[in-house]
Number of protein chains: 2
Amino acid sequence: MAKSELYKNAGVDIDLATDLLKDVKPLLAATRRSEMLVPVGGFGGLFQIDLSKYKEPVMVSSIDGVGTKLMVAMMMEKYDTVGYDIVNHCINDIAVQGAEPVYFMDYIGIGKLRSPLYEQVLAGIANACKAANCAVLGGETAEMPGMYGNDFDLVGVITGIIEKSKIITGEKIAPGHAAIGINSNGLHTNGFSLARKILFDKAGYSVNDKPAELGGESVGEALLKPHICYYPAIKAALESGISLDGIAHITGGGLYDNVPRILPEGVGVVFDVKDMPVPPIFKLMVEKGEVGHEEAYRVFNMGVGMVWFVPEAEADKAVELINSKGFKACRIGEVIAGSGVVVK
Amino acid sequence: MAKSELYKNAGVDIDLATDLLKDVKPLLAATRRSEMLVPVGGFGGLFQIDLSKYKEPVMVSSIDGVGTKLMVAMMMEKYDTVGYDIVNHCINDIAVQGAEPVYFMDYIGIGKLRSPLYEQVLAGIANACKAANCAVLGGETAEMPGMYGNDFDLVGVITGIIEKSKIITGEKIAPGHAAIGINSNGLHTNGFSLARKILFDKAGYSVNDKPAELGGESVGEALLKPHICYYPAIKAALESGISLDGIAHITGGGLYDNVPRILPEGVGVVFDVKDMPVPPIFKLMVEKGEVGHEEAYRVFNMGVGMVWFVPEAEADKAVELINSKGFKACRIGEVIAGSGVVVK
């Protein structure tokens, strides 16, 4: 009887999984939201839409993986932060449309289920979800020794809800809008192929090396910094009535590829990022890898985790509001008539 | 500008992915449902709940992987059927609760993006979704040479909707109910670790061998038969008004582990499966692997892909209805006062 089972396990050592889940289950259970219904039969997770909150509810879903940041986690033998990474990456991806994240599910594919990897990953997921008031609705772990060897993959799916009339589309972005950047703390979950090549292959660092440029932090620590969840700032802005007309989550492709995804025809952006702090790990990679300016801003976020577009008149208020929520924000550009993205 | 982009690609050769997606995009687009909104910014997929259809809509979501059936697909160099597998496995997992599947998303983790693997997998997914009137809302492909080598993993997430009062819980299953089995066509997506061990390691078959027991089919063909989608039968039963009081999808764990997941306290099931055709691949594995009766029904579905529980008086009608939809069904047991599951 597995009526209250939150986790399915395909082809895994069930006894071991149950044992490892022992301490994590309370953390997963703590993410429960009132809309979750008691699991039935353990097949699918159930989440009731609160129709008192929405007239025309729209579901927003997104799926993502952590990518090769997992290899750094394995080198460091530290697995909690990648749980935060997958949750926060997914949340940011739908928060940019104005959605409230409501439930999350994960998939772990792994060669051999083992401790403390499994508990740490799931604890990270649970804690990140709890922080964003997002329920862990279910998950799947598949043990496949022949396929993964000693490796593992971590995939997340986020589902959010938004009132149809409040979807943030970017359509209202126009010349005269300001671009506001929110500071990242590092690579988030993108650019790790190049990062590993530069830092480990070319510069010859190990994860435990502490080059002076990192100010006391090790290479591994700097690389593993978890993806920041910017949803609290977005939520505050929506509640404050600021005209948040467009948001771009800066993932793979950097400012150059992610910002155009939300720009309407006939507008471009001139970025001037001099006021935005660049985390030391980026400076180190640019130097050691002799990475050009454009490539750097195409592969890495270079300190800009998210970009908001608001009318010029509301820019100061937006920056102040973001900073009041514990993030670091500043103006990093202006919208012009034209097309394309340039980064000064 | 990627405003209509259905697919995100993290760390992959974008030009190659775009090229390979060329022929598949129309298939993915053909799965569109009217509730889908035009993609905005390409970050998350949007699906509007049709409130004319539901008073108290409940979302049902489930995540799963194909598991090591993928290794057989690689041995056969045939990748369309695993697309059907992941979609149909996911759909069955939520259809058993009475949900209508509405949208699907996939994740492909792969060492090196290549043709025809990529197009075949996605075409299988698109065609399986189209057949079930389920939209492909989005997907993610991640190329990670260092992690996957020559392998790949395939993960699916299904989301469905159900009216709260119509959720099938199993609570009404009582002594006097009949158990009706719907015939499977093979392993579906479970039991492949044992299957590969018996057929390839112990019996020494290659995927192209055609043992007489398989009646002209090769070992690889029999193993790769795609997971059947039973949703059309469930949908027909719900529309017909049959008292469909419980449904178990028979996946890993077989009849022994999956049926108890939906049984209320105080009832057990006596299965007598003699009328249910057993696909030849199971007979071959049982013989070559000297697999005991209980182990066989615990690891494999042994020809029973799904079990329905209906009041005895409605059993004949239910069997007839299932058969009228092109499936093969028969009575395979009865519900008794007690607990546990026995298979004759």
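In chain B of this predicted model, helices α4(B) and α5(B) form a right-handed crossing. Helix α4(B) spans residues 80-95, and α5(B) spans residues 117-131. Their axes lie 6 Å apart, at an angle of about 45°. On the α4(B) side, the contact is made by D80(B), V82(B), G83(B), Y84(B), I86(B), V87(B) and N88(B). Helix α5(B) contributes Q120(B), V121(B), G124(B), I125(B), N127(B), A128(B) and C129(B).

Now turn to chain A. Here α4(A), residues 80-95, meets α5(A), and the axes come within 6 Å. They cross at roughly 45°. That angle makes α4(A) oblique to α5(A). The crossing is right-handed. From α4(A), the residues in contact include the glycine G83(A), the tyrosine Y84(A) and the isoleucine I86(A). Among their counterparts in α5(A) are V121(A), G124(A) and I125(A).

Stay on α5(A), which covers residues 117-131 and holds E119(A). This glutamate is buried. What is the nearest side chain of opposite charge to E119(A)? It is K22(A), 8.6 Å away. A salt bridge needs a nitrogen-to-oxygen distance within 4 Å, and E119(A) has no salt bridge. Leaving aside residues up to four places away in sequence, E119(A) touches L20(A), V24(A) and R114(A).

Conventions:
Residues are numbered from 1 along each chain as its sequence is written. Chains are lettered from A and ligands numbered from 1 in the order in which they are written. This is a predicted model: local features need pLDDT of at least 70, side-chain atom pairs count only at pLDDT 80 or more; totals for chains, interfaces and linings use all residues. Side-chain values use heavy atoms; hydrogens and water are left out. Helices (H or I, at least four residues) and strands (E, at least two) are DSSP runs, numbered from the N terminus. Buried means under 20% relative accessible area, exposed over 50%, partly exposed in between (1.4 Å probe, protein chains only). Lys and Arg count as positive and Asp and Glu as negative; His and the chain ends are not counted. Contact means heavy atoms within 4.5 Å. Axes are lines fitted to C-alpha atoms, for helices over the stretch in contact, and angles run from 0 to 180 degrees between N-to-C directions. Angles under 35 degrees count as roughly parallel, over 145 as roughly antiparallel, 65 to 115 as roughly perpendicular and the rest as oblique. A crossing is left-handed if the near helix is turned anticlockwise from the far one by less than a right angle, and right-handed if clockwise.
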